[in-house]
Amino acid sequence: MTLPTTPSPLAVRGLTVALDGRPVLRQVDLDVSAGEFVTLLGANGSGKSTLVRAAVGLVPFSSGTVELFGTPLGRFRDRQRLGYVPQRSRAVAGVPATMHEVVMSGRLARRRFVGWRSKDDLAAVEAAIARVGLSDRTRSAVSEMSGGQQQRALIARALAAGAELLIMDEPTAGVDHDNQESLAELLAGLVAEGTSILLVAHELGPLRPLIHRAVVLENGTVTYDGPVDAVRDPEHVHVHVHSGRPEKADGFKGNPVGGGQDA
Ligand SMILES: Nc1ncnc2c1ncn2[C@@H]1O[C@H](COP(=O)(O)OP(=O)(O)OP(=O)(O)O)[C@@H](O)[C@H]1O
Ligand SMILES: [Mg+2]
(Lines give C-alpha, C1' and ligand atoms only; values in the text may rest on other atoms or scores of the structure.)
(Ligands and ions follow the chains in the order given, each with its own letter.)
Protein backbone atom coordinates (compact mmCIF):
# COMPACT_ATOMS: atom_id res chain seq x y z
CA MET A 1 0.00 0.00 0.00
CA THR A 2 1.30 3.43 -0.83
CA LEU A 3 0.35 6.45 1.20
CA PRO A 4 -0.69 9.58 -0.65
CA THR A 5 2.16 12.08 -0.78
CA THR A 6 2.42 15.69 -1.90
CA PRO A 7 3.79 15.66 -5.44
CA SER A 8 7.26 17.18 -5.74
CA PRO A 9 7.18 20.74 -7.03
CA LEU A 10 9.98 19.76 -9.41
CA ALA A 11 11.11 16.35 -10.67
CA VAL A 12 13.59 16.22 -13.55
CA ARG A 13 14.65 12.81 -14.89
CA GLY A 14 17.32 11.93 -17.42
CA LEU A 15 17.26 15.38 -18.98
CA THR A 16 19.42 15.75 -22.07
CA VAL A 17 19.71 19.08 -23.90
CA ALA A 18 21.72 20.02 -26.96
CA LEU A 19 22.13 23.65 -28.05
CA ASP A 20 23.42 24.35 -31.55
CA GLY A 21 24.05 20.62 -31.89
CA ARG A 22 26.36 20.62 -28.88
CA PRO A 23 25.41 18.56 -25.81
CA VAL A 24 24.93 20.92 -22.84
CA LEU A 25 23.11 18.64 -20.36
CA ARG A 26 23.43 14.86 -20.17
CA GLN A 27 21.08 12.61 -18.21
CA VAL A 28 20.40 15.14 -15.47
CA ASP A 29 18.15 14.31 -12.50
CA LEU A 30 17.01 17.10 -10.19
CA ASP A 31 14.37 17.15 -7.47
CA VAL A 32 12.90 19.83 -5.30
CA SER A 33 10.56 18.37 -2.68
CA ALA A 34 7.74 20.35 -1.07
CA GLY A 35 9.20 22.90 1.33
CA GLU A 36 12.78 22.15 0.31
CA PHE A 37 15.45 24.77 -0.44
CA VAL A 38 17.87 23.37 -3.01
CA THR A 39 20.89 25.14 -4.45
CA LEU A 40 22.31 24.36 -7.89
CA LEU A 41 26.04 25.02 -8.09
CA GLY A 42 28.62 24.72 -10.84
CA ALA A 43 31.30 26.58 -12.76
CA ASN A 44 30.49 29.06 -15.54
CA GLY A 45 29.16 27.20 -18.54
CA SER A 46 28.40 23.99 -16.61
CA GLY A 47 24.75 24.19 -17.72
CA LYS A 48 22.93 25.61 -14.66
CA SER A 49 20.87 28.20 -16.52
CA THR A 50 20.09 25.76 -19.30
CA LEU A 51 18.81 23.28 -16.71
CA VAL A 52 16.47 25.73 -14.97
CA ARG A 53 15.33 27.16 -18.32
CA ALA A 54 14.52 23.65 -19.56
CA ALA A 55 12.70 22.95 -16.29
CA VAL A 56 10.38 25.94 -16.80
CA GLY A 57 9.80 25.17 -20.48
CA LEU A 58 12.03 27.81 -22.07
CA VAL A 59 14.50 25.38 -23.64
CA PRO A 60 13.46 22.19 -25.48
CA PHE A 61 15.08 18.93 -24.43
CA SER A 62 15.94 15.93 -26.57
CA SER A 63 15.21 13.32 -23.94
CA GLY A 64 14.12 12.99 -20.33
CA THR A 65 11.10 14.23 -18.40
CA VAL A 66 10.17 17.27 -16.33
CA GLU A 67 7.25 17.24 -13.91
CA LEU A 68 5.96 20.31 -12.08
CA PHE A 69 3.75 19.55 -9.08
CA GLY A 70 3.24 16.04 -10.44
CA THR A 71 2.17 17.21 -13.92
CA PRO A 72 4.34 16.70 -17.02
CA LEU A 73 5.68 20.04 -18.24
CA GLY A 74 3.74 19.85 -21.52
CA ARG A 75 0.43 19.63 -19.64
CA PHE A 76 1.24 22.03 -16.81
CA ARG A 77 -1.21 24.94 -16.76
CA ASP A 78 -0.93 26.45 -13.26
CA ARG A 79 1.79 28.86 -14.27
CA GLN A 80 1.26 31.07 -11.23
CA ARG A 81 2.44 28.25 -8.95
CA LEU A 82 5.85 28.62 -10.53
CA GLY A 83 7.94 31.76 -10.02
CA TYR A 84 10.98 32.06 -12.28
CA VAL A 85 13.56 34.80 -11.80
CA PRO A 86 16.02 34.68 -14.71
CA GLN A 87 19.73 35.39 -14.61
CA ARG A 88 20.14 39.14 -14.57
CA SER A 89 21.50 39.80 -18.04
CA ARG A 90 18.46 38.14 -19.58
CA ALA A 91 15.92 39.52 -17.17
CA VAL A 92 14.46 42.88 -18.02
CA ALA A 93 16.83 44.63 -20.41
CA GLY A 94 14.97 47.23 -22.41
CA VAL A 95 11.66 46.80 -20.62
CA PRO A 96 10.27 50.29 -20.03
CA ALA A 97 7.62 49.13 -17.54
CA THR A 98 7.44 50.48 -14.01
CA MET A 99 7.99 48.06 -11.16
CA HIS A 100 4.30 48.28 -10.27
CA GLU A 101 3.42 47.09 -13.79
CA VAL A 102 5.94 44.25 -13.71
CA VAL A 103 4.69 42.99 -10.36
CA MET A 104 1.04 43.38 -11.47
CA SER A 105 1.81 41.24 -14.53
CA GLY A 106 2.55 38.38 -12.12
CA ARG A 107 -0.80 38.94 -10.45
CA LEU A 108 -2.62 38.88 -13.78
CA ALA A 109 -1.08 35.49 -14.58
CA ARG A 110 -3.49 34.08 -11.98
CA ARG A 111 -6.50 34.95 -14.08
CA ARG A 112 -8.35 33.01 -16.65
CA PHE A 113 -9.94 36.11 -18.15
CA VAL A 114 -8.64 39.58 -18.68
CA GLY A 115 -10.53 42.07 -16.58
CA TRP A 116 -10.17 45.01 -14.27
CA ARG A 117 -7.59 44.62 -11.61
CA SER A 118 -9.32 44.21 -8.29
CA LYS A 119 -8.60 45.74 -4.90
CA ASP A 120 -7.15 42.37 -3.96
CA ASP A 121 -4.76 42.53 -6.90
CA LEU A 122 -3.56 45.99 -5.89
CA ALA A 123 -3.17 44.95 -2.27
CA ALA A 124 -1.21 41.83 -3.26
CA VAL A 125 1.08 43.88 -5.52
CA GLU A 126 1.75 46.44 -2.80
CA ALA A 127 2.38 43.73 -0.21
CA ALA A 128 4.81 41.91 -2.51
CA ILE A 129 6.71 45.12 -3.30
CA ALA A 130 6.93 45.95 0.41
CA ARG A 131 8.13 42.45 1.18
CA VAL A 132 11.16 42.83 -1.09
CA GLY A 133 11.84 46.26 0.41
CA LEU A 134 11.16 48.38 -2.68
CA SER A 135 8.08 50.39 -1.68
CA ASP A 136 9.91 53.65 -2.35
CA ARG A 137 10.56 52.56 -5.97
CA THR A 138 7.04 51.50 -6.92
CA ARG A 139 6.76 53.89 -9.89
CA SER A 140 10.38 53.57 -11.03
CA ALA A 141 11.14 52.16 -14.48
CA VAL A 142 12.55 48.69 -13.92
CA SER A 143 15.16 49.31 -16.62
CA GLU A 144 16.58 52.16 -14.53
CA MET A 145 16.88 50.15 -11.33
CA SER A 146 20.07 48.40 -10.21
CA GLY A 147 20.58 44.73 -11.06
CA GLY A 148 19.87 43.68 -7.49
CA GLN A 149 16.68 45.76 -7.39
CA GLN A 150 15.52 44.31 -10.71
CA GLN A 151 15.98 40.84 -9.30
CA ARG A 152 13.93 41.78 -6.24
CA ALA A 153 11.20 43.23 -8.48
CA LEU A 154 11.01 39.88 -10.26
CA ILE A 155 10.84 38.07 -6.94
CA ALA A 156 7.97 40.42 -5.97
CA ARG A 157 6.25 39.47 -9.23
CA ALA A 158 6.43 35.79 -8.29
CA LEU A 159 5.20 36.55 -4.76
CA ALA A 160 2.24 38.56 -6.07
CA ALA A 161 1.30 35.59 -8.23
CA GLY A 162 1.41 33.34 -5.16
CA ALA A 163 4.24 31.12 -6.42
CA GLU A 164 4.75 27.85 -4.52
CA LEU A 165 8.03 27.03 -6.25
CA LEU A 166 10.52 29.85 -6.70
CA ILE A 167 13.35 29.24 -9.17
CA MET A 168 16.04 31.92 -9.06
CA ASP A 169 19.06 32.05 -11.35
CA GLU A 170 21.98 33.72 -9.52
CA PRO A 171 20.05 36.35 -7.55
CA THR A 172 23.17 37.02 -5.47
CA ALA A 173 25.64 37.64 -8.30
CA GLY A 174 27.10 41.13 -7.94
CA VAL A 175 24.87 41.92 -4.97
CA ASP A 176 26.53 43.53 -1.93
CA HIS A 177 26.56 41.86 1.46
CA ASP A 178 23.72 43.93 2.96
CA ASN A 179 21.43 43.10 0.07
CA GLN A 180 22.40 39.43 0.31
CA GLU A 181 21.41 39.58 3.97
CA SER A 182 18.00 41.06 3.10
CA LEU A 183 17.50 38.40 0.43
CA ALA A 184 18.39 35.71 2.98
CA GLU A 185 15.84 37.16 5.40
CA LEU A 186 13.16 37.25 2.71
CA LEU A 187 13.86 33.66 1.59
CA ALA A 188 13.94 32.41 5.20
CA GLY A 189 10.43 33.83 5.63
CA LEU A 190 9.22 32.16 2.43
CA VAL A 191 10.71 28.79 3.41
CA ALA A 192 9.02 29.09 6.81
CA GLU A 193 5.70 29.54 4.96
CA GLY A 194 6.32 26.38 2.93
CA THR A 195 7.59 27.84 -0.36
CA SER A 196 9.96 25.50 -2.21
CA ILE A 197 13.08 27.09 -3.65
CA LEU A 198 15.63 26.24 -6.32
CA LEU A 199 18.49 28.72 -6.28
CA VAL A 200 21.34 28.84 -8.79
CA ALA A 201 24.41 30.37 -7.18
CA HIS A 202 28.15 30.80 -7.29
CA GLU A 203 28.60 31.95 -3.73
CA LEU A 204 26.12 31.16 -0.97
CA GLY A 205 27.17 33.68 1.66
CA PRO A 206 24.36 34.39 4.15
CA LEU A 207 22.02 32.00 2.29
CA ARG A 208 24.08 28.93 3.22
CA PRO A 209 22.39 28.14 6.57
CA LEU A 210 18.95 28.14 4.88
CA ILE A 211 19.83 25.51 2.29
CA HIS A 212 18.69 21.91 2.69
CA ARG A 213 20.54 20.32 -0.23
CA ALA A 214 23.12 21.15 -2.89
CA VAL A 215 23.33 19.80 -6.43
CA VAL A 216 26.55 20.33 -8.37
CA LEU A 217 26.71 20.36 -12.17
CA GLU A 218 30.00 19.82 -13.95
CA ASN A 219 30.12 20.02 -17.68
CA GLY A 220 26.43 19.17 -18.05
CA THR A 221 26.22 16.27 -15.61
CA VAL A 222 25.33 16.08 -11.91
CA THR A 223 28.45 15.16 -9.91
CA TYR A 224 27.06 15.71 -6.41
CA ASP A 225 23.66 15.74 -4.73
CA GLY A 226 23.68 16.03 -0.95
CA PRO A 227 24.18 18.22 2.09
CA VAL A 228 25.58 21.66 1.42
CA ASP A 229 28.22 21.30 4.16
CA ALA A 230 30.22 18.98 1.92
CA VAL A 231 30.51 21.78 -0.61
CA ARG A 232 33.18 23.85 1.08
CA ASP A 233 34.13 26.14 -1.69
CA PRO A 234 31.16 26.89 -3.91
CA GLU A 235 33.13 29.50 -5.82
CA HIS A 236 35.13 26.68 -7.40
CA VAL A 237 32.73 23.90 -6.52
CA HIS A 238 35.15 21.38 -5.15
CA VAL A 239 33.14 18.76 -3.35
CA HIS A 240 34.60 17.06 -0.32
CA VAL A 241 32.43 14.22 0.78
CA HIS A 242 32.87 13.11 4.37
CA SER A 243 33.44 9.43 5.09
CA GLY A 244 30.23 7.42 4.96
CA ARG A 245 26.96 8.62 3.57
CA PRO A 246 26.28 12.17 4.62
CA GLU A 247 22.88 12.67 6.14
CA LYS A 248 21.31 15.69 7.70
CA ALA A 249 19.27 15.76 10.86
CA ASP A 250 16.23 16.78 8.83
CA GLY A 251 16.45 13.59 6.81
CA PHE A 252 17.58 14.80 3.37
CA LYS A 253 20.06 12.18 2.24
CA GLY A 254 23.30 12.89 0.44
CA ASN A 255 24.24 11.04 -2.69
CA PRO A 256 27.55 11.81 -4.29
CA VAL A 257 26.81 11.01 -7.90
CA GLY A 258 28.92 9.40 -10.56
CA GLY A 259 32.10 8.51 -8.72
CA GLY A 260 33.54 12.03 -8.49
CA GLN A 261 36.45 13.29 -10.54
CA ASP A 262 37.20 15.15 -7.38
CA ALA A 263 37.84 12.21 -5.06
N1 LIG B 1 21.43 29.69 -26.77
C2 LIG B 1 22.56 28.96 -26.76
N3 LIG B 1 23.06 28.41 -27.89
C4 LIG B 1 24.18 27.68 -27.87
N5 LIG B 1 24.88 27.39 -26.76
C6 LIG B 1 24.44 27.89 -25.61
C7 LIG B 1 23.26 28.70 -25.53
N8 LIG B 1 23.06 29.05 -24.24
C9 LIG B 1 24.07 28.49 -23.55
N10 LIG B 1 24.89 27.80 -24.35
C11 LIG B 1 26.09 27.03 -23.95
O12 LIG B 1 25.67 26.02 -23.06
C13 LIG B 1 26.63 25.86 -22.01
C14 LIG B 1 25.93 26.02 -20.67
O15 LIG B 1 25.49 27.37 -20.55
P16 LIG B 1 24.66 27.86 -19.31
O17 LIG B 1 24.31 29.27 -19.56
O18 LIG B 1 23.57 26.90 -19.05
O19 LIG B 1 25.75 27.73 -18.16
P20 LIG B 1 25.73 28.30 -16.66
O21 LIG B 1 26.17 27.17 -15.79
O22 LIG B 1 24.43 28.92 -16.37
O23 LIG B 1 26.89 29.40 -16.70
P24 LIG B 1 27.02 30.80 -15.86
O25 LIG B 1 27.49 30.41 -14.51
O26 LIG B 1 28.05 31.56 -16.63
O27 LIG B 1 25.68 31.46 -15.85
C28 LIG B 1 27.73 26.88 -22.27
O29 LIG B 1 28.78 26.22 -22.91
C30 LIG B 1 27.06 27.89 -23.17
O31 LIG B 1 28.01 28.45 -24.03
MG1 LIG C 1 23.83 30.80 -15.87
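## Burial and helix H3

A residue counts as buried when its relative accessible area is under 20%. By that criterion helix H3 (residues 99-108) of this predicted model is mostly covered, with seven of its ten residues buried. The buried positions in H3 are Met-99, His-100, Val-102, Val-103, Met-104, Gly-106 and Arg-107. These residues pack against helix H4 (119-131) and against H5.

## Overall architecture

The chain contains six helices and 13 strands. Of its 263 residues, 48% are buried. Among contacts with a separation of 6 or more, residues 24 or more positions apart account for 66%.

## The magnesium site

The magnesium ion (ligand 2) is coordinated by two protein atoms, OG of Ser-49 and OE1 of Gln-87, at 2.0 to 2.2 Å. Ser-49 belongs to helix H1 (residues 48-55), whereas Gln-87 sits in the loop between strand E6 (82-85) and helix H2 (88-91), so the pair ties together parts of the chain that are 38 residues apart in sequence.

The two coordinating residues fall into separate accessibility classes. Ser-49 counts as buried because its relative accessibility is 14%, under the 20% limit. Gln-87, at 25% relative accessibility, counts as partly exposed.

## The second largest pocket

By residue class, the lining of the second largest pocket comprises four nonpolar, eight polar and five charged residues.

## The largest pocket

The largest pocket has a volume of about 290 Å³. Its lining consists of 14 residues, of which Arg-79, Leu-82, Gly-83, Tyr-84 and Arg-157 are the closest to the centre. Strand E6 and helix H5 each supply at least two of the lining residues. The lining of the largest pocket divides into nine nonpolar, three polar and two charged residues.

E6 and H5 can also be related through a pair of residues. Gln-150 is located in helix H5, and Val-85 falls within strand E6 (82-85). The C-alpha atoms of Gln-150 and Val-85 are separated by 9.8 Å, although the two residues are 65 residues apart along the chain. Gln-150 counts as buried because its relative accessibility is 11%.

## The enclosed cavity

A search of the whole structure identifies one cavity of 30 Å³ or more. The volume of the largest cavity is about 60 Å³.

The residues that line the largest cavity are Gly-148, Gln-151, Arg-152, Ile-155, Pro-171, Thr-172, Val-175, Asn-179, Gln-180 and Leu-183. Helix H5 (147-161) and helix H6 (177-192) each contribute at least two residues, and H5 gives the largest share, four residues. The lining is made up of four nonpolar, five polar and one charged residue. Domain 1 (1-69 + 164-263) and domain 2 (92-162) each provide at least three residues of the lining of the largest cavity.

## Thr-195 and its contacts

Thr-195 occupies the loop between H6 and strand E8 (196-200). At 10% relative accessibility, Thr-195 counts as buried. Leaving aside neighbours within four places in sequence, Thr-195 is in contact with Gly-35, Ala-163, Glu-164, Leu-166 and Leu-190.

## Positive phi angles

Most residues other than glycine have a negative phi. Asp-20, which is not a glycine, has a positive phi of about 50 degrees. It lies in the loop between strand E1 (10-19) and strand E2 (22-32). With 85% relative accessibility, Asp-20 counts as exposed.

Gln-27 likewise has a positive phi of about 50 degrees without being a glycine. Gln-27 is placed in strand E2. At 57% relative accessibility, Gln-27 counts as exposed.

Definitions and conventions
Residues numbered from 1 in each chain as written. Chains lettered and ligands numbered in written order. Predicted model: local features only at pLDDT ≥ 70, side-chain atom pairs only at ≥ 80, totals over all residues. Heavy atoms only, no water. Donors = N, O, S within 2.8 Å, 3.2 Å for Na, K, Ca; no water. Buried < 20%, exposed > 50% of the residue type's maximum accessible area, 1.4 Å probe, protein only. 1 Å grid on protein atoms, 1.4 Å probe; cavity = no way out; pocket = protein on both sides within 12 Å on 5 of 7 lines; lining within 4 Å. Points joined across faces, edges and corners; volume = space filled by probe spheres on them. Nonpolar A, V, L, I, M, F, W, Y, C, P; charged D, E, K, R; others polar. Domains from an automatic or database assignment. Contact = heavy atoms within 4.5 Å.
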